[in-house]
Amino acid sequence: MTTETATDVFEAHRPVLLGVAYRMLGRVADAEDVVQEAWLRWSGADRGGVREPRGYLVRITTRLAIDRLRQIKSRGETYVGPWLPEPYVTDFGDTVPDTAERAVLADSVSFAVLVVLESLSPLERAVFVLREAFGFPHAEIAAMLDRGEPAVRQLAGRARSHVEERRPRYEVDPAQRRDLTERFLAAAADGDLEGLMALLAPDVRLVGDSGGKSRAPLRVVHTADKVGRFLVGAARKGVEDFSVRFLELNAGPAVLVLSGGKPDTVFQLDVADGRVQTVYVVRNPDKLGAVPAA
């Protein structure tokens, strides 16, 4: 395999590798660093005996992501306020033609699932991502992680049970989510408390991630009344020189609020039974750098 061919092969698999790394880490910059390190290892490896480049590259990426995740956890840093994943621009394009596969990939990159994945061990998270999101067989995952297949099956079962118990059940109809998102934005921008209340489920939650670096609730806000009043109050305070745009983040419609043309806030909604169940608000500036402003 020539250097040029090796580059082409790697670039063909880059979206999958980035997808694995992001689901493992929940951080775009860390995921990109991991994929770059995987490229360095791939470009410097003896590729003569590699019969299945995709599996080989996923194995390298997964091991690097496990190492990075262990480093992050070992630092024991205390995050200020609720934690949310870094917003991730998703566009599966023609790389995922199957509707069912598209739905699985979308679910595995949602805010709700990624928050639950943070509570798994690095190995459990790796097995869950490889098995549930990308459909690798247990035997292949075992080879990637240098573990026995029975151990991998046990890890997979434990991780799946953990996620199923803790993740909320939401509808994934993009048209409904987009419609509710537009109505939500209009009501919030107009300070229309009554209009907002009509969109919010009685037990709605608002989860704000600022990392202590901007203004956002340091605790989850519960109930329609409190969430509605918070949003109306925030709209009244406003954002200087603001504009908004819709885009797809984490496989769902989202609203990007810009201040002076720069990303300021990301809103995303989880919806069920025609009502907003969760409002995610990302305001940590460190997490908005990868969100395109235009």
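What should the 16 residues of helix 2 (residues 28–43) span at 1.5 Å a residue, and how far apart are its end C-alpha atoms? I took the expected span as 1.5 Å times one less than the number of residues. That gives 22 Å, and the end C-alpha atoms are 22 Å apart, which agrees. Helices here are DSSP runs (H or I, at least four residues), numbered from the N terminus.

The model is predicted: local features need pLDDT of at least 70, side-chain atom pairs count only at pLDDT 80 or more, and totals for chains, interfaces and linings use all residues. Residues are numbered from 1 along each chain as its sequence is written, and side-chain values use heavy atoms, without hydrogens and water.

Next I checked burial (under 20% relative accessible area, 1.4 Å probe, protein chains only). In helix 2, the buried residues are Val28, Asp30, Ala31, Val34, Val35, Ala38 and Trp42. Seen down the helix 2 axis, they fall within an arc of 165°, so they line one face. I took the arc from the directions from the axis to the C-beta atoms.

Then I turned to the cores. A nonpolar core is a set of buried Ala, Val, Leu, Ile, Met, Phe, Trp, Tyr and Cys residues joined through side-chain atoms within 4.5 Å. The largest has 52 residues; Met24, Trp42 and Leu117 touch the most other members. Helix 1 gives the most to this core, ten residues. Another core, of 23 residues, lies apart from it and includes Leu269.

Last, I looked up Arg177. It is found in helix 9 (residues 174–189). Arg177 is buried, at 8% relative accessible area. A polar atom of its side chain lies 2.8 Å from the backbone oxygen of Leu269.

Terms used. Helices (H or I, at least four residues) and strands (E, at least two) are DSSP runs, numbered from the N terminus. Buried means under 20% relative accessible area, exposed over 50%, partly exposed in between (1.4 Å probe, protein chains only). A polar contact is a pair of N or O atoms within 3.5 Å; within protein, one must be able to donate a hydrogen and the other to accept it, and residues adjacent in sequence count only if both atoms are side-chain atoms.
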